[in-house]
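The sequence and the structure come first.

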Amino acid sequence: AERMDALGAFTATFEPAGDPSARQVLRRVTRYDRFWQPAELAAAPVASHAVIELGQGPFFADLESTLELRGDGGFTRTRVSARALASSGSVMRGAARELDAYVWENLLPRSFERRARRPITLADRRRQDAVRQHTYPQTLASYLGRVERDVGFQDTWPPLTDYLEARPEAAARLVRSMREGELPTNATAGAYVALSRARTPEALGVLREVMHDEAAPSFERTRAMFALIDRDDVDVSDAQYMASKAAAITSDEPSERILAREAMLAVGAIAGQHPSDDAIGGVAESAIMDGLATAEEPLDLRPVFGAIGNMRSPRTLSLVVGFTESPEPEVRQYTSRALRRMDPLDTTPLVVEWLGRERHPRVLRSLYRVLDRAHLDAGVAPSDALVERAVRDLRTQPDRITRVALIRLLGRAADRSPEARAALVAQIPVETEWFRRGRDQSAYDILHRVLQRGGHWPSSHGGDGADR
């Protein structure tokens with residue numbers, strides 16, 4: 001008979017197991033006819049044994065199963081234990097009992113595209129071959145030389161990554177050099193990036209080692225966490241460890257509290273970098289909900305909202321809504337961080353409603369700064385409803401930081417929105433006056449660039465800002 005499981009559709013044999021009165025069935029998988037993931041096509045079962053005890057009705061009472069698959073890429077062995085538990089009856093009280101009250105669908109064939117691993121190209125191989133014969137002291141001295149020459153951060157670490165991939169054993173030595181103070185402070189960030197980008201199990205292992213090292217400074221453990229989040233070979237165990245550290249966010253011990261706040265940001269970020277990994281996402285959401293529930297003061301919430309933003313998942317918006325109505329302005333200010341890396345198309349309805357009732361200047365400053373950056377990252381213009389709110393708030397002439405964010409935000413809509421364009425033109429004399437008083441120049445310069453870029457700067461004010 002053909003059956004299905006999480007791997008695919010399979011053919012199996014079924015026969016009584018032991019005494020018939022025990023109502024047990026022995027199942028053996030003989031072959032997989034198709035897999036949900038194409039990469040598993042070459043695998044075949046070499047050992048399969050499942051004992052199923054029949055229960056009342058169509059469900060089993062007990063199941064113990066082992067399965068070993070072997071293929072071109074190696075083998076995998078899984079074990080499943082499941083047991084039906086008695087219910088008090090209250091769990092499903094009130095639930096519909098008719099079959100047509102539910103939508104029935106086989107979800108086993110559904111799969112999500114997993115993040116593709118960064119391939120090693122021919123150019124990568126050539127760079128690795130060029131440094132393979134170098135000694136570790138030579139490589140370290142070359143790296144430190146680039147740091148001291150200040151060649152630019154983006155050019156300091158790539159050759160070190162090439163060496164770590166050509167000589168994987170050097171990863172442990174690099175970490176030892178950092179622990180023993182052989183690297184100056186301004187060189188450690190690049191070393192962690194090099195480890196983060198090195199596609200070797202050794203680099204993964206040493207980063208995990210630093211993250212787990214209870215004797216290491218919190219700052220180093222934090223760097224190891226953030227070096228891990230963007231790797232292709234992390235798994236749910238890394239997210240679980242970060243979440244376990246994030247649980248101490250209200251600790252009385254300063255070092256634990258500092259690490260917990262960074263761990264909360266990291267667990268959100270690792271979920272954001274691996275959006276198709278439901279296990280990692282589930283760990284992050286649980287950590288976030290625990291953080292929201294256990295926070296003792298507004299500052300405890302700051303990294304939790306940062307973690308929500310790092311996840312970049314619109315499904316977490318439901319966790320945010322209630323905090324936008326908090327009576328404490330500091331809480332609402334921190335809440336805006338949750339929107340920082342989300343798609344503005346997902347957040348605009350909430351934002352427009354929030355801005356309709358928000359009047360506190362610090363909250364508005366934080367919220368508009370977040371919106372400015374989010375729209376910049378997404379490369380989209382604000383919606384008409386958001387333009388309307390932003391025009392209203394610009395007319396109140398808030399502080400310089402808020403005005404700059406508003407000018408940038410409205411500038412992205414100036415080409416298509418007469419209201420945004422008119423508000424920016426009306427702001428010219430205001431910013432000109434601020435500049436002439438010697439109080440501020442940045443808002444004027446940004447306004448000038450925004451309007452000149454779209455050809456909207458009035459000729460009466462000079463095309464090059466000479467009227468200043």
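Helices here are DSSP runs of H or I with at least four residues, strands are runs of E with at least two, and both are numbered from the N terminus. Helix α6 spans residues 185–197, and its buried residues are Ala187, Thr188, Gly190, Ala191, Tyr192, Ala194, Leu195 and Ser196. A residue is called buried under 20% relative accessible area, exposed over 50% and partly exposed in between (1.4 Å probe, protein chains only).

The model is predicted: local features need pLDDT of at least 70, side-chain atom pairs count only at pLDDT 80 or more, and totals for chains, interfaces and linings use all residues. Residues are numbered from 1 along each chain as its sequence is written, and side-chain values use heavy atoms, with hydrogens and water left out.

## The chain as a whole

The protein chain contains 19 helices and six strands. Of its 468 residues, 41% are buried. Among contacts (heavy atoms within 4.5 Å) with a separation of 6 or more, 60% join residues 24 or more positions apart. The average pLDDT, the predictor's confidence in each residue from 0 to 100, is 87 for the protein chain, and 89% of the residues score at least 70. Over residues 462–468 pLDDT stays under 50, and the model has 17 contacts beyond four places in sequence for them.

## Nonpolar cores

A nonpolar core is a set of buried Ala, Val, Leu, Ile, Met, Phe, Trp, Tyr and Cys residues joined through side-chain atoms within 4.5 Å. The largest one has 102 residues, of which Leu174 and Leu195 touch the most other members. Helix α10 (residues 254–273) supplies the largest share of this core, nine residues. Leaving aside residues up to four places away in sequence, Leu174 touches Tyr136, Leu140, Leu160, Leu164, Leu183, Ala191 and Leu195. A second, separate core consists of seven residues, among them Phe10, Ala12, Tyr32 and Leu69.

## Packing of α1 on α4

Helix α1 (residues 122–131) packs against helix α4 (residues 158–166) at an angle of about 80°, and their axes are 8 Å apart. Therefore α1 is roughly perpendicular to α4, a term that covers angles of 65 to 115 degrees. On α1 the contact involves Arg127, Gln128 and Val131, and on α4 Asp162, Tyr163, Glu165 and Ala166. These residues comprise three nonpolar, one polar and three charged.

Val131 lies in helix α1 and is buried, at 15% relative accessibility. Not counting residues up to four places away in sequence, Val131 touches Asp162, Tyr163 and Ala166. Its C-alpha atom is separated by 9.8 Å from that of Glu165, 34 residues apart along the chain.

Conventions
Axes are lines fitted to C-alpha atoms, for helices over the stretch in contact, and angles run from 0 to 180 degrees between N-to-C directions. Angles under 35 degrees count as roughly parallel, over 145 as roughly antiparallel, 65 to 115 as roughly perpendicular and the rest as oblique. Ala, Val, Leu, Ile, Met, Phe, Trp, Tyr, Cys and Pro count as nonpolar, Asp, Glu, Lys and Arg as charged, and the others, Gly among them, as polar.
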